[in-house]
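Hi,

Here's the structure I promised to pass on. Have a look at it first, and my notes on what turned up follow below.

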Amino acid sequence: MDDFRSLKCLDRFQFLFKRFGIDYADLRKILQLKLTMDQRRVPTIFNMNGAKKKEGNQFLKSLWLYGLYGLILIPFLFFGDHYMLQMSLMFGIMMFFLMTSMISDFTSVLLDVRDKNIIGTKPVSKKTISAAKMVHVSIYMSLLTGAFLAIPFIVMIVTKGVLFSLLFLGLLLLNVIFIIALTALVYIVTLTFFNGERLKDIINYVQILLSVGIVVGYQLLARSFEVVDLTVSYTFSWWHLLLPPIWFGAPFEWLLGQNMSGGIIILSLAAFIVPVISIILYARLMPAFERNLEKLLSHSGTNKKKMFRPDNLFARFVCFDREERAFFRFASLMMKKEREFKLKVYPVLGMAFIFPFIFLFNSFSDGSFSEVGQGKTYLTIYFSSIMIPSIIHMLKYSENYNGAWILRATPIEDPISLHRGTIKAFLVKLYLPIFMVLSVVFTVIFSVRIIPDLITVFLAACLHTIISYKLLNDETYPFSQSFEFAQDTNTGVNILLMLFAGLFALIHFLVLSISFGIYVYLGILLLVTVVSWLVVFRKTGGSRGEKQA
């Protein structure tokens with residue numbers, strides 16, 4: 001096995017591990033094995049689109065992309081001496097990227113039960129196994145953080161000086177420790193109170209809420225500052241203690257900005273103390289955490305047969321033949337049951353629900369409730385459609401993709417009915433609930449006058465869905481590929497399709513300036529949507545006519 005540079009660097013701190021009763025030789029061997037496994041080829045058992053196997057550690061090869069993302073931090077370094085604002089925003093953005101990566105990429109490592117089953121049967125202490133798991137995550141988080149901040153840090157040294165940069169490095173270390181420990185502590189609490197299959201669902205929902213909560217927290221962070229005539233002011237409020245990015249911005253204001261106010265000092269102390277307490281708490285709870293991981297192997301959930309299934313009712317209402325109804329129910333169950341699918345899609349749905357409100361609430365700061373109600377800001381509901389291409393793209397992936405062979409083996413009369421049923425399941429089960437809730441709230445705010453506009457938005461979303469499916473999934477069976485290939489996509493096409501929501505919103509805004517223009521646009525949109533559906537999902541002559549993914 002290779003002797004990795006990260007392990008050579010870790011060797012210099014082996015005395016710390018020994019001091020805490022960890023067998024460093026065993027720890028190093030476990031990490032060497034894990035890092036070697038990370039470099040192995042990704043197995044392609046059932047690749048229906050002919051994608052080639054990839055060699056090497058794909059995470060390391062993707063670090064350049066995080067380096068590009070890091071460029072968005074550079075403008076904040078030119079905010080002058082507004083330390084509290086610029087550093088709170090920088091740490092807010094960093095925590096967004098790092099925590100979402102932690103949730104999406106490293107949760108499987110934290111909740112991996114294989115170490116207990118394989119290494120735990122050997123003469124290796126539980127403390128060493130737990131430490132290896134945490135160090136394994138820390139190595140990759142350090143690489144990700146380094147890639148994300150490499151260029152901004154160089155700019156920081158040039159523009160802010162060495163002292164500022166050293167303080168940033170120290171707080172960055174505490175920030176990464178806090179993110180890892182916080183995520184682990186959330187799972188520890190979850191593992192404590194739930195069992196078996198129910199636990200797996202709860203963990204999935206926790207991951208989703210964390211992803212959505214990060215976005216909401218970022219909005220609260222931006223609202224903690226007031227900008228009047230280009231002058232930034234900050235006033236401490238008790239609820240700022242709930243926003244970690246402000247903690248890490250406060251020491252710059254305290255030590256470099258010479259702000260000795262009580263609020264700034266309290267926030268600064270939180271930045272230094274809370275990460276240390278969280279990692280100590282995690283270390284203390286780690287043995288119980290490892291014991292509770294056994295619950296993930298439990299299958300104590302019971303499958304009760306429901307007398308009434310809403311999916312059957314929806315299928316009869318929106319589908320017009322037997323095969324299409326069957327595939328509607330199949331797609332609905334896949335979207336409901338698959339945890340990996342929900343983990344990747346539901347946070348996007350949550351953001352699609354939140355973003356219209358975020359931009360709507362911004363308008364309330366510029367006018368009264370009645371003034372906003374008479375305006376056109378209800379068009380912010382188009383932000384709910386931005387997520388459509390991302391979710392349409394995910395419809396072709398599944399944890400159980402190996403079973404997709406049955407779709408090719410089954411004598412389906414009309415193979416396109418599989419696609420039609422899947423698209424209708426997406427619209428009815430995922431998009432429509434969010435759109436209906438948004439519509440009710442927007443109708444309360446803007447009155448029933450916007451009902452024709454809401455119908456227009458829904459038709460635009462249907463057309464957006466058809467276009468996205470045609471360009472992204474037309475030649476691929478739904479749920480037929482491994483999630484390992486979810487990143488193998490044409491990013492340019494996805495971004496272009498996301499911009500379609502803005503295009504529909506712009507056309508909608510322009511037709512509002514024409515008398516009865518919304519009704520003419522609604523009719524045209526209805527006609528185009530129906531024709532597009534008939535063309536894209538026209539019936540074929542049998543299963544042999546279906547393009548193989």
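A quick definition to start: I call a crossing right-handed if the near helix is turned clockwise from the far one by less than a right angle, and left-handed if anticlockwise. Helices here are DSSP runs (H or I, at least four residues; strands would be E, at least two), numbered from the N terminus. This is a predicted model, so local features need pLDDT of at least 70 and side-chain atom pairs count only at pLDDT 80 or more, while totals for chains, interfaces and linings use all residues. Residues are numbered from 1 along each chain as its sequence is written, and side-chain values use heavy atoms, with hydrogens and water left out.

**Helix packing**

α3 (residues 24-38) passes α9 in a right-handed crossing. The two pack at about 45° with axes 9 Å apart (axes are lines fitted to C-alpha atoms over the stretch in contact, and angles run from 0 to 180 degrees between N-to-C directions). That makes α3 oblique to α9 (under 35 degrees counts as roughly parallel, over 145 as roughly antiparallel, 65 to 115 as roughly perpendicular and the rest as oblique). In contact (heavy atoms within 4.5 Å) are, among others, Ile30, Leu31 and Lys34 of α3 and Ala132, Val135 and Ile139 of α9. By class, this contact has 9 nonpolar, 2 polar and 3 charged residues (Ala, Val, Leu, Ile, Met, Phe, Trp, Tyr, Cys and Pro are nonpolar, Asp, Glu, Lys and Arg charged, the others, Gly among them, polar).

α9 also packs on α10, at about 155° with axes 10 Å apart, so they are roughly antiparallel. α9 passes α10 in a right-handed crossing.

Of its 38 lining residues, Phe17, Met134, Val135, Ser138 and Ile279 are the closest to its centre. (A pocket is an open set of points on a 1 Å grid over the protein atoms alone where a 1.4 Å probe fits, with protein on both sides within 12 Å along at least five of seven lines; lining residues have an atom within 4 Å of a point. Points are joined across faces, edges and corners, and the volume is the space filled by probe spheres set on them.) α9 gives the largest share of the lining, 13 residues. By class, the lining divides into 28 nonpolar, 6 polar and 4 charged.

Cheers
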